[in-house]
Amino acid sequence: MEKLKEDDGLSQKIRKLIINSNGHSPSLDQAAACFHMSARTLHRHLKQEGTSYKEILESVTHQLAKEYLRNTALNIQEVSYLLGYSDQANFRRAFKRMGGMTPSEYRKANSD
């Protein structure tokens, strides 16, 4: 029953919004507009849930990156582009910060 309550939370709805955005993640203002509230109100609601828009965005991006690296033959540059990074170096730094290893290290560790 707790899981059902979690799934209805604003943070879960934002996760779905980001996943469905096809690599063009909405800004905080755009996400807030989707839920008919101001960015400040969205920020306040997420804070009550113990998270932030930035944390959700980074989490979703990292999960999608891991999925692409594990299950596709896309090169790292293509993965970074799909996730909305303007260059591969930025993607590499963000991935390493979030997961402790580079995309190529992750792919090598998780290949079949």
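How much space lies in the second largest pocket? The second largest pocket holds about 160 Å³ of space, where a pocket is, on a 1 Å grid over the protein atoms alone, an open set of points where a 1.4 Å probe fits, with protein on both sides within 12 Å along at least five of seven lines. Grid points are joined across faces, edges and corners, and the volume is the space filled by probe spheres set on the points. The model is predicted, so that local features need pLDDT of at least 70 and side-chain atom pairs count only at pLDDT 80 or more, while totals for chains, interfaces and linings use all residues. Residues are numbered from 1 along each chain as its sequence is written, and side-chain values use heavy atoms, with hydrogens and water left out.

The second largest pocket is lined by 13 residues (lining residues have an atom within 4 Å of a point). Nearest its centre lie Leu57, Glu58, Thr61, Leu83 and Tyr85. Helices α5 and α7 each supply at least two residues of this lining, and α5 gives the most, with four. Helices are DSSP runs (H or I, at least four residues) numbered from the N terminus. The lining divides into five nonpolar, five polar and three charged residues; Ala, Val, Leu, Ile, Met, Phe, Trp, Tyr, Cys and Pro count as nonpolar, Asp, Glu, Lys and Arg as charged, and the others, Gly among them, as polar.

The largest pocket has a volume of about 230 Å³. Of its 15 lining residues, Asn22, Gly23, His24, Leu82 and Leu83 are the closest to the centre. Two or more residues of the lining come from each of α2 (10–19), α5 and α6 (76–82), with the largest share, four residues, from α5. Eight of the lining residues are nonpolar, seven are polar and none is charged.

Helix α5 (residues 53–71) also packs against helix α7 (residues 88–99), at an angle of about 105° and with the axes 10 Å apart. Therefore α5 is roughly perpendicular to α7 (65 to 115 degrees). Axes are lines fitted to C-alpha atoms over the stretch in contact, and angles run from 0 to 180 degrees between N-to-C directions. Glu58, His62, Ala65, Lys66 and Leu69 of α5 meet Phe91, Phe95, Arg97, Met98 and Gly99 of α7, contact being heavy atoms within 4.5 Å. These residues comprise five nonpolar, two polar and three charged.

The axes of α2 and helix α4 (residues 39–48) cross at roughly 120° and come within 9 Å. Leu10, Ser11 and Ile14 of α2 make contact with Leu42, His45 and Leu46 of α4; four of these residues are nonpolar, two polar and none charged.

Methods. Angles under 35 degrees count as roughly parallel, over 145 as roughly antiparallel, 65 to 115 as roughly perpendicular and the rest as oblique.
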